[in-house]
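Colleague: Could we go through this model together, one part at a time? I have not looked at it before.

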Amino acid sequence: MTAASERTVAARRAERRRRTPFLKRFLPRTLFGRTLLIIVTPVILAQAVATWIFYDRHWDTVTNRLAYAVAGDIATVIAMIEHDPSQEGRDWTLATIARTTDLIVTVEPGQLLPDRRRQLSGLLERTLGKALDERIGRPFAINTRVAREWYEIRVQMADGVLSVMSPERRLFTPTSYIFILWMVGSAVVLFAVAILFMRNQIRPIKRLAIAADALGKGRDVSNFKMEGATEVRQAASAFLLMRERIQRQMNQRTEMLAGVSHDLRTPLTRMKLALDMIEHPDLDPEVEELKADVAEMEQMIEGYLAFARGEGTEAVQPTDLTRLLNEVASGARRDGTEVTLSAPEGLLLPLRPNAVRRCIANLLVNAGRHAGTAWVKAERKEGVIEITVDDDGPGIPPYLREDVFKPFFRVDSSRNLDTGGSGLGLTIARDVARSHGGDITLDDSPYGGLRAVIRLPV
């Protein structure tokens, strides 16, 4: 591919990306991915709504109640101590609180809390701080790192600091963990089941696509069977009917061509014999012209039959493309064309070897007919085998490069009409390439002539 062609392809890709909606660029391209997205998106949205409702209602309500209950107990302790500030009353209050609640309360006489309160972080600390402000109304500090699963609440009193140790279970409900685990677990199970079922539903579609691709490349798909959902089975049934119609049409064409070949060759043979039997010196120029016309008609009929036959009856088989190219290049050299071949070893792929041989031979025949030298190069590129045939001839104008693939089309008189063939060489070559799932394109050659590029899928 030349630099100009690469720039053209890049420009087309950029134009397609520009026209593609922004959101669509990030959506899955496969049917499996899109179907899974259809299943997953509602589940994620539903769980997001459920989580928001849970935290907005359940978490907020339960946490507030627990925090206000602890703050209420602390306020009760402070009230009881202030009601009876004696040592005996204080000891009785602390013993009663320890016996009737889960709080561990101690008094630290003479202690003072820092003037600056630590910034509360987290939903639980902020909720508890709000409850302490409303129920107690005194300076306080919350320490969440004093012990595992324990919270320390320190409240400033007139003669010291009241230290309250509260277990985490009095401030935090484990139902949030259970809820999250339940959501995640159910989502994982749902995704696993969805993936399993979707893979089973997508598999028949993939097999149908593989079978259709193989049929397009002329390969046998006899082991294909209908399976999957009703719609997929309908598509598979339509594919099998199409395959039967194509095969029946090819058989009918082959039978018809056999009859056409016989019917046309018989009168041409009689004409050739009649011309050979004419012995009249005055008619020799006219006889020679008639002989040339008969030979041209015979050549055109042979070319037409070869094109219509399309090598469709040849079976696909693993082929060493490097060896095949060497054989075709050797044949072209014997015909007087100077051929330079560059192909790596080990280019193996399923082909109809005779058809591909004829395709490449037609290109070399054109190169030998209109140029003196041909350069053939084969290489593997991104899943395709690319065969390039260059020559140093006059080339073909860009506006005619698609027309030359039409049957019986010849460029102009600058391509010698006497040796220009019937105009089917490139037509047959493209027909062979496309029957293998590939194609042929024409471009300018760096050697000054024409470049023909054959791309065959691996």
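Modeller: Before we start, contact here means heavy atoms within 4.5 Å. Please also keep in mind that this is a predicted model.

Colleague: With that in mind, which strands does helix 4 lie across?

Modeller: Helix 4 covers residues 123-135 and runs at about 140 degrees to one of the strands it lies across, strand 2. The strands in question are strand 2 and strand 3.

Colleague: In what order do the strands of the open sheet of four strands stand?

Modeller: The pairing in this sheet is antiparallel. The edge strands, each pairing on one side only, are strand 1 (104-109) and strand 2 (140-147), and neighbouring strands are turned by 20 degrees against each other on average, with direction ignored. The order is 1-4-3-2.

Colleague: Where does UniProt place the feature "transmembrane region", and how far apart are the end C-alpha atoms over residues 177-198?

Modeller: The UniProt record, an unreviewed entry, places this feature at residues 31-55 and 177-198. Over residues 177-198 the model's chain is 100% helix and 0% strand, and the distance between the end C-alpha atoms is 31 Å.

Colleague: Are helix 8 and helix 9 parallel or oblique to each other?

Modeller: The axes of helix 8 (residues 321-334) and helix 9 (residues 353-370) come within 10 Å and cross at roughly 40 degrees. Angles under 35 degrees would count as roughly parallel, and the two helices are therefore oblique to each other.

Colleague: How many residues in the contact of helix 8 with helix 9 are charged?

Modeller: Helix 8 contributes L321, L324, L325, E327, V328, A329 and A332, while helix 9 contributes P353, V356, R357, I360, A361 and L364. These residues divide into eleven nonpolar, no polar and, as the charged share, two.

Colleague: What is the handedness of the crossing in which helix 9 passes helix 10?

Modeller: Helix 9 and helix 10 (residues 425-435) pack at an angle of about 145 degrees, with their axes 9 Å apart. On the helix 9 side the residues that meet helix 10 are A355, V356, R358, C359, N362, L363 and N366, and on the helix 10 side they are G425, L426, I428, A429 and V432. This contact divides into eight nonpolar, three polar and one charged residue, and the crossing is left-handed.

Colleague: Which residue of strand 8 is the bridge partner of L341?

Modeller: Strand 6 (residues 338-342) and strand 8 (residues 373-381) run parallel and are joined by five bridges. Along this pairing T340 stands opposite W375 in strand 8, and the bridge partner of L341 is V376.

Colleague: Which residue takes a positive phi in the hairpin of strand 8 and strand 9?

Modeller: Strand 8 and strand 9 (residues 384-391) pair in the antiparallel sense over eight bridges, with K377 opposite T388 in strand 9. Two residues lie between the strands of this hairpin, and the residue with a positive phi, near 45 degrees, is E382.

Notes:
Residues are numbered from 1 along each chain as its sequence is written. This is a predicted model: local features need pLDDT of at least 70, side-chain atom pairs count only at pLDDT 80 or more; totals for chains, interfaces and linings use all residues. Side-chain values use heavy atoms; hydrogens and water are left out. Two strands pair if DSSP finds at least two bridges between them. Axes are lines fitted to C-alpha atoms, for helices over the stretch in contact, and angles run from 0 to 180 degrees between N-to-C directions. Angles under 35 degrees count as roughly parallel, over 145 as roughly antiparallel, 65 to 115 as roughly perpendicular and the rest as oblique. Ala, Val, Leu, Ile, Met, Phe, Trp, Tyr, Cys and Pro count as nonpolar, Asp, Glu, Lys and Arg as charged, and the others, Gly among them, as polar. UniProt positions are given in the numbering used here, feature names are shortened, and annotations may be inferred rather than shown by experiment. A crossing is left-handed if the near helix is turned anticlockwise from the far one by less than a right angle, and right-handed if clockwise.
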